[in-house]
Each structure stands twice: as structure tokens, then as C-alpha cells.
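Open the model in your viewer and follow the stops below. Each stop says what to select and what is there.

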Amino acid sequence: MILFFSGLKWRYPPAVTISLLLPLPCVVRTSCATSWVVHSPFKDVSEGIWEAICSWALCEPLIFCIFVNLAYVEAAECVSEPVNREPPSREAQLLTLQNTSEFDILVIGGGATGCGCALDAVTRGLKTALVERDDFSSGTSSRSTKLIHGGVRYLQKAIMKLDIEQYRMVKEALHERANLLEIAPHLSAPLPIMLPIYKWWQLPYYWIGIKLYDLVAGSNCLKSSYVLSKSRALEHFPMLQKDKLVGAIVYYDGQHNDARMNLAIALTAARYGAATANYMEVVSLLKKTDPQTGKERVSGARCKDVLTGQEFDVRAKCVINATGPFTDTVRKMDDKNATAICQPSAGVHIVMPGYYSPESMGLLDPATSDGRVIFFLPWQKMTIAGTTDTPTDVTPHPIPSEEDINFILNEVRNYLSCDVEVRRGDVLAAWSGIRPLVTDPKSADTQSISRNHVVDISESGLITIAGGKWTTYRSMAEDTINAAIKTHDLKAGPSRTVGLFLQGGKDWSPTLYIRLVQDYGLESEVAQHLAATYGDKAFEVAKMASVTGKRWPIVGVRLVSEFPYIEAEVKYGIKEYACTAVDMISRRTRLAFLNVQAAEEALPRIVELMGRELNWDDYKKQEELETARKFLYYEMGYKSRSEQLTDRSEISLRPSDVDRYKKRFHKFDADQKGFITIVDVQRVLESINVQMDENTLHEILNEVDLNKNGQVELNEFLQLMSAIQKGRVSGSRLAILMKTAEENLDRRVPIPVDRSCGGL
């Protein structure tokens, strides 16, 4: 029995091997991190008791009968250092894929699970490759609720139904939650989540459930849950519906930047020697006959570079299918008669302005009108709400429906004060992610959906990992690689990914951003963003930052004024395997997920910078612009935004409102033409001594010019004001400008025209 310790003062040398007269648990410091795991030899004795015994034994060694042997072991030595200081370029990775005669492991799929498999395999010493048809985290892994959690609702079901499988899943997830917070501290953090109580009997009911959640977490509990009175709950969450509010319970889970976390796993695997490549599509699986059994075995894949069209074979002893919703597509490449196991479900989320929630407190609605669970969480200084759970078809480009968006908004209205008007126009972005729920093909009940992950091995040796959840990606990967080693007789040791820091996490600290401000002259908000996104790699981004030409900040030109993303991140993103403008606005930065209007505004500059680095010609630049705008329009909610105000929109205004808005319109349309142009707006602005460049004015009018004829008719203006009154549109710059001009024509004061919220 070996105990590893560091950072404490002992009466004996720093690490001690203690042989006790009775079997004790093994307390092991996990590799490269500071978490502790207790493994008890007696399964019926709680871990807390064994921790107490260990503490007593170590603090009072003279009282406790022991034999002491010195055996200092450094935990970091459990995992070898990365073979690359920086991830190799995509071109270098492609050459490795082409020129390697045979890999031990070939992973298909670059989501969280696939990248986790690659990292697990390569750190065991296996020769590893990974290919992804699109970008890393382009699918479900970037479209989550952004939570790292065990699943409060799963624990409730486990207790109510005495379901041991769900209990084990929750316990495993809580362990993985603690590990993920430890290995990527820059990308994740604990988040308090409030459960508001509106009936007295619910208070003890939910309190017991949440306390059990803490108890199951054990030593991995982030912080203990607690109860709040009504007044204290409103103090923490002032926009909460206060009528009939009894109190609230607050518990803790983790939150992360999901796409960046996925990318960090991929980059870490590449640094450890895995040949990883995005935009590499598997066209078919390769097979060869096993000389011993005479059966065909999967031996690799025919891959196609999506960007160039080049095709080549990648051979491997073992092929792993980690393609999420596309699980059955790859399984049918192996066996066209394979039974489908994936039952896809769409989960829609929306993003709203940050003022809808406190900066550091989330909200859980445990029982919506149709029995689903809704989270309402602060994220990246915005508010994220979701999710839905609707059966769907598998598609690489899921689209959020207006029905799901309105369902979420209605549920949010139920929990927010009537003083807070929840407007459709405040939806800044919306997306749909496809959950790959699966049935176990080995189960007797093939119709029953497995709440845990499933590792399936086909007759030809294809290993499929499916199901599960974001939080448990590491344990899913460990189980998958264990199965690969056993099935294909690979020579490797146990998993080494517990405690293994991900890219950017090792030397990160909460105060790292201060050095960025002091050493490089970055804005504090930008510095905090870089530290929270890149961790200890933030200095490399700062070195690339352009001089602003201002007194302050000295460097760091923003891509768009209201977000802390800077131009240097575009250059650095290419080093992180970004190949398209969509990669940059959605997964290297998160602009598309935060505000689609801001993302569209930043697109031309992003394409210009990427074109300069990647030698794009004018045709390629235009193609990238159009593709990115299509992505924003369909997949990120811009389509829903445009449908809120069209040339067919109804005008539902009272006669008095119509007269008031006509009067406002005619202050700009002095010639009674029935429409206004840029010239009309400029004339009014000049009369109150306000200067605005023509391009900005064109953008402002274009937002309301529904028939795109270069002018805004009276009918279009009334349609706009009607949509604003109904809450379908918010943040219209033209509406704000015209209202402010009407109020200030006589006072001659400047008119604010910055985009307000930029809602959809």
C-alpha cells in the first residue's frame, strides 16, 4: 500500500511508504494535478472513514503501529512529457497520416469523445490517428448547455425508480466533473445554480434530493448546497418571480466553454504525438482477411481531404467509431445490415443579453409545462437558456425551430418577474444540437434507450462508442481504449488521463490576466478573455496582437466593439487548425454563439485576415463569406430573426400609435415622399450637429429596408414599430435614432446609435 503526499510538513521525509498491520485504502495523488483519490479495500466502508484513518495514521505515526519505508515518487512522472512543444501543423499531420504504414488506433470523429479516445490512446504509448469530416467540435460537442454536471434529474430518477444504472452514471459523472475542473481550470469553473421553491412541501423534498447529490459526490463535491430565504433568494437573483416564492436551494455544478474544451483535448493529443486532422472524411472502411479465422477484419479507412479532394488510405490495427449522431452511418460502412442503435434528439438553446440573469448564479426549472428541465445560466457575460428534447433526423446542419425558441421563452417568462419583459427580439443567437441517444445492441430490450454510454464491438472488429454525455467523455474514452486493447491484443498499460492537464491549463492561474495587462498593454477585459480561453498560451496570442495606435490599450484591436475578441486570435486560430471562417466565428471564437449580428459584422475582417494568412484569392474570400453567412442564417438563428420582420408582417397598432409614428417619420420625410433615404437622415442629423459616416447610415437603414430598394417606406417603418411593440424585434438602431431625434431636435444633443443588444 503506497501513499503519495506533497506540500505538507511531516515528521518523516516528504513521501512515505507505509505498511500497516491492517489493510488500508490506497491514497494516490493523480498524475499532474492536485486531486486525491481514495481506494478502499473494503467496499462496505465509506471513503470518508478511510480518509480519517489515513489522516490519523500520518499525523500521529508514533501512536499508530506502522513500519516506515522511504519511497518518494513524483506524480508528474506517471505520464511522459508531450513529444511536441506545439501541435504540428495540419500539413504535417496529413503527411504523418499518409506516410505511416500502420497505426495502432484510428479514431473516426473529432468531438469530445473521439478526441478523448485519441488522447487516452496516445498517452498509453499507442500509435494513434484521428480524422474528422468537419472541424473539431463542429457537431454536438459545441452545442451543449455548457454544463459539467452529474445530472440532478438522473439522480432523482435513480432514487425514485431504484435504478442502479442511473445511480452509477451520476456517481461516475461527478467524479469526472471534478477531474475536468482540475485539468482545464482556465476553461471551466464551479457555478452556483438556484432552484426556486414556490410550494412549502417542495422545500424539504428538493433539499433532501440536492443533499443526496452532494453526498454521492463525496470528496468530489464542489461546494455544499444551501437554503435561501425568500429575501435572500431575491437578493441573489433580483429578476426572479417573487409572487408565492417560498425560498430557494442553491447547489453547485461546473460550467465550461465546450468548443474550446474539445479543441484543448484535440491539441493535447496532437502534442503527445497523435496524428489528428480535421476536414478529413472517411469514404469507406478498409478490410483484410484474418489468416487465423478466415474472417474479414476492419484494417483502416479510405480518407478524403475535404479541402483539396485528395484521397489516401490510413491503415490501423483498430478502428474506433466515435461519430456521435452519425454512429450508424459508420456502422453501416462496416456492415450494411447493421441494426440502427442511434435515436437522435434535438436540443435547442437560445442566448439572451446578460441582464436577464446575475453574473454568477444560474437557475434550474425542474419541471416545465411539459415535464422537461430548463437551465437558465450566465455564460460568457450573456445568458443561455435551454434545452428542449425533440426527436429529429440526423443532419450535419441542424436548425433551431421557432416553436422550440418560443417554448424556451415561455418557460423563462414563468420564472422571471413581470417587471422583466421577456422579448423574442432579445434572442441574440439560437442553435440546435443533436443528442446521440442509443440503444444497446447487446441488450435483450433493444428498444430501451441506454442512459449510459455503450461500447459495441462488431464481428469485423470495429469498435463503436456511443451515448453518454459531455462530462464523462474521459471515462468513455478509457472504456473504449480498454476494449480496443483487449479485442485487438494491443500492448499498452492502463489509462493515464486522470489528472492530465489539457492544453493551456498547467501554468494557468486566476491572476494570469494581470501579467497580460502589465506586460503587453491589453485592456483588462481582453486580457481576462485571453486567459480564460487560452490559459498559459494567452501570452502567445498577446505577442501577435496589433498596435492600436491609441494611448490605451496599447495592443489588441477588437474584431467587434462589444466583445473582447481581437484580431490576433484569428492568426492564432489558424495555428489551432482553423480552416474556414465558420471555424473562426463559432469554435475558435464563440461570436456566432453569442450574437449572430456581431458575428456577421466581424466576418469581413476575419475573412480578410484569414485570406492573408492562408493565401486566399478573391473568389475564395467571397465563398467563405457566403458560407459563413449561410451558417449564421440557418444554424445560428438568423433565419428566425429575419422572419420576425418581413414585408408581410402585420401592423397591429392602435390609431393613436399610428398617428404618433407617422409624425415621427415625417420629421425625416420632410418632402412627404412616403419614404426616407440616407440623405433624409443625414439632413436631420446635421440639423442637430451629429456626424455619422455614410456606411453606418447605410447599415442602419438596410436593417429595416425589407424590400431592399435602398429606402425605408412609411409602411416598413410602421411594421418595424409594430414588431417592436410585440417584442419580436429589439435593438433597432433606426427606431432608436428616430425616437431620440424627435425628442432632441430642439435641444440639439448627440444621438446614441450604437447597436443596443443586437437582438434577433
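Is Ile-159 buried, partly exposed or exposed? Select Ile-159: at 39% relative accessibility, it counts as partly exposed. Buried means under 20% relative accessible area, exposed over 50%, and partly exposed in between (1.4 Å probe, protein chains only). This is a predicted model: local features need pLDDT of at least 70, side-chain atom pairs count only at pLDDT 80 or more, and totals for chains, interfaces and linings use all residues. Residues are numbered from 1 along each chain as its sequence is written, and side-chain values use heavy atoms, leaving out hydrogens and water.

Next, show helix H4, residues 152-160, where Ile-159 sits. Helices are DSSP runs of H or I with at least four residues, strands are runs of E with at least two, and both are numbered from the N terminus. The chain has 25 helices and 25 strands.

Now jump to Ser-475. Find this serine in helix H11, residues 473-488. Ser-475 is buried, because its relative accessibility is 4%. Then look between the side chains of Ser-475 and Glu-172, which a polar contact of 3.2 Å joins. A polar contact is a pair of N or O atoms within 3.5 Å; within protein, one must be able to donate a hydrogen and the other to accept it, and residues adjacent in sequence count only if both atoms are side-chain atoms.

Last, zoom out to the whole chain. Of its 760 residues, 55% are buried.
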